[in-house]
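Here are a few friendly notes to read with the model open beside you. Take them one point at a time, and find each residue as you go.

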Amino acid sequence: YSRGRAEQGDHSPRVSATPASTRHGSTRVLANLVFPAELSNKSWTAYRLSPLFRYNAKGHPKYSQSFGGHLQAAGGGAAPRVQITTLAHLAQTSNDSEAVRIVVGDVAAGEKAPLEAVLCSVGSERDPTPSFSNLPLLVVRGSAAMTRHLLSWLQAEFDAQSARLQLSSSELTWMAAEWLPEAGASRKPVILTYDTPDTVQGLSSVTLTLSPETGSALRTALQSAPDQCPVRA
């Protein structure tokens, strides 16, 4: 599926485009990554991103101007307004860089942003590498053309390579288990909704409702065989 989101039965904010990790411990951390309210209840397209070379949070004004110039060169006309800012409180460990938010358009004036993106840390277990900043999760809202411009600029500015994020069945199972409440807590289910690719005709999404009892069974199965997926298609 091209995008994924999850929500509690009490309509709490959706967790969208959750990243994958080759380590289940990190996957459990990622499942609990919570975006601020203004970024929740939205669908995001997720990408893996290689470390950013010579990125510095103090350079946000310069980066904003650079990306605006990149968009102007690609589309002609006046350079659009670009805001690149720090999104605090999303770093998972002391080794992680703070998240970065990129917005194209004057949102403060009520303009709908043609592109919005967040670069996130994912609970790094390694010490920072000199000259490189590790923000391996990139989530984007915007047209395919605007997304291509963003990925192209990230490569030109920071030598960062990107690829669409693919989640394995095992990783999705871990995340579902983390989203489900513990036994004796909230009895409301978790609803997983997956949007189908554009190539699928007549079916826009698939919804799966998981009960708290299912969560207990998932956690038990995962703890007994952490490298196996207890769910079969």
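1. Which residues point one way from β7, and which the other way? Keep in mind that you are looking at a predicted model. L115, A117 and L119 point to one side of β7, while E116, V118 and C120 point to the other. In a regular strand, side chains alternate between the two faces of the sheet.

2. Strand β7 covers residues 115–120, and six of its six residues are buried, so the rest of the structure largely encloses it. Buried here means under 20% relative accessible area. Notice that E116 is on the buried list too.

3. Now for the partners of β7. Strand β6 (residues 99–104) pairs with β7 in the antiparallel sense, over five bridges; I102 has A117 as its bridge partner in β7. Strand β9 (residues 137–142) also runs antiparallel to β7, joined to it by six bridges. There, V118 has V139 as its bridge partner in β9.

4. Please turn to the helices. Helix α2 (residues 60–75) and helix α3 (residues 144–158) have axes that come within 10 Å and cross at roughly 125°. That makes α2 oblique to α3, and their crossing is right-handed.

5. Finally, see which residues make this contact. From α2 come Y63, S66, F67, H70, L71 and A74; they meet M146, H149, L150, S152, W153, E157 and F158 of α3. Sorted by class, the contact has eight nonpolar, four polar and one charged residues.

Methods
Residues are numbered from 1 along each chain as its sequence is written. This is a predicted model: local features need pLDDT of at least 70, side-chain atom pairs count only at pLDDT 80 or more; totals for chains, interfaces and linings use all residues. Side-chain values use heavy atoms; hydrogens and water are left out. Axes are lines fitted to C-alpha atoms, for helices over the stretch in contact, and angles run from 0 to 180 degrees between N-to-C directions. Helices (H or I, at least four residues) and strands (E, at least two) are DSSP runs, numbered from the N terminus. Angles under 35 degrees count as roughly parallel, over 145 as roughly antiparallel, 65 to 115 as roughly perpendicular and the rest as oblique. A crossing is left-handed if the near helix is turned anticlockwise from the far one by less than a right angle, and right-handed if clockwise. Contact means heavy atoms within 4.5 Å. Ala, Val, Leu, Ile, Met, Phe, Trp, Tyr, Cys and Pro count as nonpolar, Asp, Glu, Lys and Arg as charged, and the others, Gly among them, as polar. Buried means under 20% relative accessible area, exposed over 50%, partly exposed in between (1.4 Å probe, protein chains only). Two strands pair if DSSP finds at least two bridges between them.
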